[in-house]
Amino acid sequence: MPREGVLIHTPYERMTNEQVLQIHQASIQILNNPGLISFNREAAEILQSNGAEVTSVTPSDNPCWLVKIPEKLVLRALDSAPKTVKLGARNKDNSLIMKGEEPRVFFVSGSETNIWLDVDFQAYAKKSDPSVEVMVPEFHPRRGTVSDLCQAAHLCEHLETLDAFIRPVNIQDKDITEDNKDVNKYFASLNNTTKHVMAGLTSLKQLDNLVNMARLIAGGEEELKENPIISFITCLVKSPLQFVEDTTDTMIEICRRGLPVVVSSAPQAGSTAPIKEDGIIAQINAEVLAGITLGQLVNEGTPMLYGSVPVRARMDTLNDSYGAPETSQYNVDCVQMARFYKLPCYSTAGVCDTGTPGMQAAIERLFSDILVTLSGPQYLHCAYGLLDGNSTFCPLQAVLDDAHFQMIRFFLRPPRTSQSDIDETLRQIREVAATPQKLYISHIRPMLRSGQLSAPYPFEGDGDADNVLALAYERMNQLLSEPVEHIDPETTTRVFQEIPGLLPRLNIYEERKKQ
Amino acid sequence: MSEGTIAALKENVIQGRKTKDDEGIEAGMAGKPGVLELTHLALEQKIPLETIITQALTAGMEVVGEKFSKKEYFIPDMLASAEAVGEAMEILKPYLEASDVETKGKFVIATVKGDIHDIGKNIVAILLRGAGYEVNDLGTDVPVEKIVEVVRDDKPGFLGLSALLTTTMVVMGEVVQALKENNLRGEVKVLVGGAAVSDEYAEEIGADAYCVDGFEAIKKLDAFQEGKA
């Protein structure tokens, strides 16, 4: 049985049907005028041979082509793109089945930050009364490593609400190079979680090694096809409206191999997209449609996710502002556009502007977590542990986020109302009304341990003390002390024999022999 | 046989099962006798009252209290057990009156004049009954004169006054003053509680204690008992 996710019975939508059509028409017009600049020759050729108007752009420092994509190509791609996408997992019970028309949300980590944020707690004494001490968290940022990535996957394996794993930290060890990064990041992830693993590709040269590794771990070529344990994120369009040379190559090759791929665009309203809501949505929608069109022309039927990471610019720094309410508005709109096309949507929530866990982080991320979840995206990424825009990952924050999603998931349970329930309730009301104390408390007990009542916030301190971070830290360490189901020794041996570039220290069985 | 009855009675207090129809916490208990049926059985088996109270009812409540402290139990569990014990004590009452076994004492409780809020008061009453006190609940909006009359006539060792509002909590001070004027203040310990009340306010009006909830009320009453001993 695949994971259940959370079904949103009545998704929150900002746009009317008429507005959705207006945005769609605007995107179609954008694809024709001004069209896209392609820095990728093959993409231009594929589109041209299928009816797009392609002209060489001169003068230019790099060879590039203006591509005008006609509506009929887009509609053909939207027709052939699968409306249901399966993402497999080492443990098949962790598979995700995403249907474009069904607003069933899966919560996912993400997305490739450079900084890993450690935390420890220091005791501080009160100046006027040194016998009074408080524990204060101290945060220590540092460059992420492959060991951190293993730890992140291990932690995410045990976060109850997390449905799939996007590596949240970039591995920057001295022995990691462009040529071995992909195999190591995927192996470190796959070996420490039995959930689905998705990532971006650093080097196209590593794609076949990765696919071979996934075949070995999944149990064979057919098994991988049936249970795609890995998938890819491609940002082939750089906003505004440019096919990038290398990532477009990557997407073309992934499509040729038929593995699931996210066509993601991340415009910033105000700098690389219009600041107005309809403007950024029309542009990002055009960019995603362009990617889907290209991918379907390469290999019709390739499973694709409509990937949207729209964000508003901060006016003081021009950095991304994930905490701005407009960012959530844009994401909700994109979910609605994806549903209009019946494509599963890869959406974004939970990132915040502040750099450390605390009140601002909780407020900003919970705001977008709730609102974007309510819109019903199938694949909600970035939702665990990201801080400082998209540049820092803190495992402690991921544990806090898991608690947020438990609350959100509980809230989204459908109402339990039936005639028999109402009859029982009426009996209860009449019974209690006839007692002198008029309390319903005795009727709570049958529900108390049935899972029908939500639990208190798990990081609530005793009395007035705010010990949220310290208690979450305890929980994080507890989760990390629980074992994970690694890839079995035989498969691990084959993977290390057949896949070049893997760091020997990632072979846990060989490492154990040394101890 | 009596040992089995006492053990079952204690276990059913822990499970908060008043009657055979209650489910309790562990599965498969519905249909088996609960606290009230087992109390009757214990009396039929001529088990001494002191044994029933100390080894089953009180001992069971102690376990419930421990589980609550460890957050294994919640307030509804505590109240279910206390309610079952309170009703068991009502069954035992005529036998107690005919014997030399003493209860923990009489406790009169009321929400004062002008205030009709009674959720907290009701919970305190249930918990104190479960802890072995004889509770006389006068209800809500109770006039000062009525409270003084009951203290004079029934001679309870303890009086609990409840008020939710800042506008009605002043009546608690009037009750304390009236008890003094009627020479009854030395006869009864006055405990006050409610959302607007505090330790400072209790001291200001001359009450003996402020209790934040029913659990603290039990602790303070038990401490008064120990002080008396």
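A residue is buried if 20 or more other C-beta atoms lie within 10 Å of its own, exposed if 12 or fewer, and partly exposed in between, with C-beta atoms placed from the backbone. The model is predicted, so local features need pLDDT of at least 70 and side-chain atom pairs count only at pLDDT 80 or more, while totals for chains, interfaces and linings use all residues. Residues are numbered from 1 along each chain as its sequence is written, and chains are lettered from A and ligands numbered from 1 in the order in which they are written.

E112(A) counts as buried because 20 C-beta neighbours lie inside 10 Å. Its phi is near 50°, a positive value in a residue other than glycine. E112(A) sits in the loop between β7 (104-108) and β8 (115-125) of chain A; helices (H or I, at least four residues) and strands (E, at least two) are DSSP runs, numbered from the N terminus. K71(B), also not a glycine, has a positive phi near 65°. K71(B) lies in the loop between α3 (49-69) and α4 of chain B, and counts as exposed, with 8 C-beta neighbours inside 10 Å. Most residues other than glycine have a negative phi, and most peptide bonds are trans.

Two cis peptide bonds can be located in chain A. One joins N33(A) and P34(A), with omega about 20°; P34(A) is in the loop between α1 (17-32) and β2 (36-38) of chain A. The other runs from S239(A) to P240(A), with omega near -5°, and P240(A) belongs to the loop between β13 (237-238) and β14 of chain A.

Next come the helices. In α8(A), the buried residues include T247(A), M251(A) and C255(A). Elements covering the buried residues of α8(A) include α6 (207-218) and α9 (277-298) of chain A, where two residues are in contact if their C-beta atoms, placed from the backbone, lie within 7 Å. G258(A), with a positive phi near 75°, follows α8(A).

Helix α5 (residues 181-190) of chain A packs against α6(A) at an angle of about 25°, with the axes 9 Å apart. Axes are lines fitted to C-alpha atoms, for helices over the stretch in contact, and angles run from 0 to 180 degrees between N-to-C directions. α5(A) and α6(A) are therefore roughly parallel to each other; angles under 35 degrees count as roughly parallel, over 145 as roughly antiparallel, 65 to 115 as roughly perpendicular and the rest as oblique. Among the residues making this contact are D182(A) and F187(A) of α5(A) and L210(A) and M213(A) of α6(A). D182(A) is buried, with 22 other C-beta atoms within 10 Å. Leaving aside neighbours within four places in sequence, the contacts of D182(A) are L201(A), T202(A), S203(A), Q206(A) and L210(A).

Helix α11 (residues 359-375) and helix α12 (residues 395-411) of chain A pack at about 40°, with axes 11 Å apart, and are therefore oblique to each other. Residues of α11(A) that meet α12(A) include R365(A) and D369(A), and those of α12(A) include D401(A) and H404(A).

Finally, the contact between the chains takes eleven residues from chain B and nine from chain A. α4 (75-97) and α5 (119-130) of chain B are the elements that give two or more residues to the side of chain B that touches chain A. On that side, α4(B) gives the most, with five residues.
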